[in-house]
Amino acid sequence: MSPRLGAVLARLDVTADPVPLAGGTNATTYRVGGLVVRLLRGDGAVEADRARKAAVTGAAPPVYTHLPELGALVVEHVAGRPLTDTDLRDPDVLRRTAASLRRLHGGGLTGRVLDLRSALDSYARAPGQPAGWAEHLPQVRARVDALTIDAAPVLCHGDLVAANLLDDGQRVWLVDLDDAVDADPAYDVANLWVQAGLDDTHLATLCTAYGPLDVERVRRWALVVAYTWTAWSRLRVLDPVPVDYDPLAFGDRLWGYARQRL
């Protein structure tokens with residue numbers, strides 16, 4: 001056990017053995033009895049604020065405490081298993097996920113507005129982007145401008161991959177909201193749909209269950225999302241973190257999606 005984790009457990013006055021939890025690029029996470037401890041890179045103030053806003057909606061676990069001097073965010077453990085991309089092909093799971101997203105999107109704004117244009121400009125200066133990526137940058141920038149100019153922002157998760165969803169059979173819980181952002185709700189749905197490799201039927205189920213959401217708007221966001229995550233995957237190779245997936249394979253799959261539609 002690291003001294004930092006030991007100090008957190010001492011502050012919490014818990015004696016249960018910590019169990020490492022998989023995944024995540026922003027924190028090292030442990031389950032300790034009925035709590036989940038997230039050791040963050042900084043003091044965790046921003047992440048704690050986002051977690052509290054999400055918890056109020058009922059879509060995310062309640063925050064137990066925040067220990068800024070130790071960079072620790074502690075949330076209550078919720079029953080449920082982490083989902084996989086395959087799980088998301090089940091219409092019932094998709095409907096539960098859409099209902100939780102709708103709850104989250106009713107929460108308080110973070111004050112951090114989605115700025116994909118700046119992210120894309122930054123990625124354009126980085127080495128290693130796939131052949132053809134740079135030549136499509138002006139077109140994707142224009143798509144971002146068109147999608148954001150009339151969007152009413154809501155509290156979005158910002159990193160909706162299957163591993164950040166816990167299903168207890170009655171409700172899907174959204175976890176790891178470190179990247180929460182104020183954005184178009186269709187942006188969140190597009191992230192989930194395109195990253196999981198779901199098909200048109202799944203998209204229709206998601207949008208209908210969400211109640212309702214413009215399918216074509218989600219598709220337009222999905223192209224932007226796939227293009228952006230392609231570039232992110234290349235940077236992740238240069239700055240690896242201990243997560244259980246291959247960033248290049250992830251990026252190549254999304255680049256295949258985007259390239260066919262550009």
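User: In β5, which residue is the bridge partner of L35?
Analyst: Strands are DSSP runs of E with at least two residues, helices are runs of H or I with at least four, and both are numbered from the N terminus. β3 and β5 pair in the antiparallel sense over 5 bridges, where pairing requires that DSSP finds at least two bridges between two strands. Within β5, L35 has as its bridge partner E76.

User: What kind of model is this?
Analyst: Residues are numbered from 1 along each chain as its sequence is written, and side-chain values use heavy atoms, with hydrogens and water left out. Local features need pLDDT of at least 70, side-chain atom pairs count only at pLDDT 80 or more, and totals for chains, interfaces and linings use all residues; the model is predicted.

User: In β3, which residue is the bridge partner of A27?
Analyst: Let's look at the other strand beside β3. Strand β2 (residues 27–32) pairs with β3 in the antiparallel sense over 6 bridges. The two form a hairpin with 2 residues between them, and G33 in the turn has a positive phi of about 60°. The partner of A27 in β3 is L40.

User: How many of the residues of β3 are buried?
Analyst: Buried means under 20% relative accessible area, exposed over 50%, and partly exposed in between, using a 1.4 Å probe and protein chains only. On one side L35, V37 and L39 are buried, and on the other V36, R38 and L40 are too. The buried count for β3 is 6 of 6.

User: Around the axis of α2, how wide an arc do the buried residues cover?
Analyst: The buried residues of α2 are E47, A48, R50, A51 and A54. They sit on the same side of the helix because their arc, taken from the directions from the helix axis to the C-beta atoms, is only 165°.

User: Which elements do the buried residues of α3 pack against?
Analyst: In α3 the buried residues are V93, L94, T97, A98, S100, L101 and L104. Seen down the axis they fall within an arc of 165°, so they line one face of α3. With contact meaning heavy atoms within 4.5 Å, they pack against α2, β7, β8 (165–167), β9 (172–174), α6 (185–195) and α7 (200–210).

User: How far apart are the end C-alpha atoms of α3?
Analyst: The expected span of a helix is 1.5 Å times one less than its number of residues. For the 14 residues of α3 that gives 20 Å, and the end C-alpha atoms agree, being apart by 20 Å.
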